[in-house]
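I opened this notebook to keep track of what I looked up.

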Amino acid sequence: MLEAARQALGGATRVLVVTGAGISAESGIPTFRGEGGLWEGFRAQDLATPQAFARDPELVWRWYRWRRDICNRAQPNPGHLAVARLEQTHDSLLLTQNVDGLHPRAGSERLVEIHGNIDTARCTACWTLTPIAELDDGVPRCPRCAGTMRPHILWFGETYWEGTLDVGLAFAGRADVCLVVGTSGMVTAPTSVAMHAKRSGAFVIDVNPNTSEVTRFADAWLKGPSGELLPELIGAD
Ligand SMILES: [Zn+2]
């Protein structure tokens with residue numbers, strides 16, 4: 001399987017990479033949605049919603065700052081670094097579900113963070129994006145219009161921001177290889193992007209210790225941790 005995947009990648013010009021929580025779990029980032037995801041008695045579903053923010057923005061901000069600290073303390077692993085290296089050898093695009101910022105910190109530049117970014121706040125009035133590090137504590141105000149800032153994260157019940165998935169789908173239609181890493185298959189949008197790549201003729205590689213929704217239509221399933229398999233597939237420095 002590894003050899004077939006390596007050959008496909010070696011002959012590819014355009015590579016679409018789709019990553020999910022699995023790649024970051026290997027850096028110690030909890031999923032927040034699963035077991036043990038409680039914070040002060042709240043579940044993610046109680047806090048990561050527009051309704052929760054409307055009810056108690058201060059509480060939601062405290063939770064996100066706590067999560068942000070965990071993400072900022074974590075380090076990109078060899079899997080993140082291998083994905084970043086692909087940009088040097090291929091015309092590649094990275095679509096990630098992860099908000100932890102580990103991909104950009106590993107050096108990925110051609111990426112779309114489809115669920116947002118833990119280090120970024122967004123104005124609820126004028127959509128201005130601002131690094132959280134530049135904002136006040138508590139419930140910060142927009143530097144442009146003084147509106148209420150919220151975490152720039154796609155919450156439960158919200159639809160994808162205009163354009164985010166279109167970029168991925170457009171690239172998927174032209175990709176020679178689609179590399180899917182650490183997705184659970186519970187999130188359907190990244191799966192449908194990978195499916196679109198497959199239908200358009202891409203060789204689909206699923207890197208995952210467990211089966212996912214993608215495994216069933218993948219051309220190669222590399223079973224195991226991405227921190228070990230991606231350097232083997234892509235090459236290490
Ligand atoms: Zn504003």
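The entries below cover the sheets, the helices across them, a cavity and an aromatic pair.

**Ground rules.** I am working with a predicted model, in which local features need pLDDT of at least 70, side-chain atom pairs count only at pLDDT 80 or more, and totals for chains, interfaces and linings use all residues. Residues are numbered from 1 along each chain as its sequence is written, and side-chain values use heavy atoms, with hydrogens and water left out.

**Parallel sheet.** I looked up the strand order and found an open sheet of 6 strands, β3-β2-β1-β7-β8-β9, with parallel pairing. Helices (H or I, at least four residues) and strands (E, at least two) are DSSP runs numbered from the N terminus, and two strands pair if DSSP finds at least two bridges between them. β3 (111-113) and β9 (220-222) are the edge strands, each pairing on one side only. Neighbouring strands here are turned by 15 degrees against each other on average, direction ignored. I then checked β2 (residues 91-96), which runs parallel to β3 and is joined to it by 3 bridges. Leu 95 stands opposite Val 112 in β3.

Which strands does helix α9 lie across? I noted β1 (14-19), β2, β7 (177-181) and β8 (203-207) for α9 (residues 188-199), with contact meaning heavy atoms within 4.5 Å. α9 runs at about 155 degrees to β7; axes are lines fitted to C-alpha atoms, for helices over the stretch in contact, and angles run from 0 to 180 degrees between N-to-C directions.

**Antiparallel sheet.** I found 3 strands in an open sheet, ordered β5-β4-β6, with antiparallel pairing. The edge strands β5 (129-131) and β6 each pair on one side only. The twist averages 45 degrees from one strand to the next. β4 (residues 116-123) pairs with β5 over 3 bridges, and Arg 122 stands opposite Leu 129 in β5. Helix α5 (residues 57-73) lies across β4 and β6, at about 145 degrees to β4.

**Cavity.** Lining residues have an atom within 4 Å of a point; among them are Val 17, Glu 87, Ser 92 and Arg 110. α6 (78-89) and β2 each supply at least two residues of the lining.

**Aromatic pair.** I counted 6 aromatic pairs, where rings of Phe, Tyr and Trp (its six-membered ring) pair if their centres lie within 6.5 Å, and planes under 30 degrees apart count as stacked, over 60 as edge-to-face and the rest as tilted. The rings of Phe 53 and Trp 155 have centres 5.5 Å apart and planes at 45 degrees, so this pair is tilted. Phe 53 lies in helix α4 (residues 50-55) and Trp 155 in the loop between β6 (149-153) and α8 (164-172), so the pair ties together parts 102 residues apart in sequence.

Note on methods:
1 Å grid on protein atoms, 1.4 Å probe; cavity = no way out; pocket = protein on both sides within 12 Å on 5 of 7 lines; lining within 4 Å.
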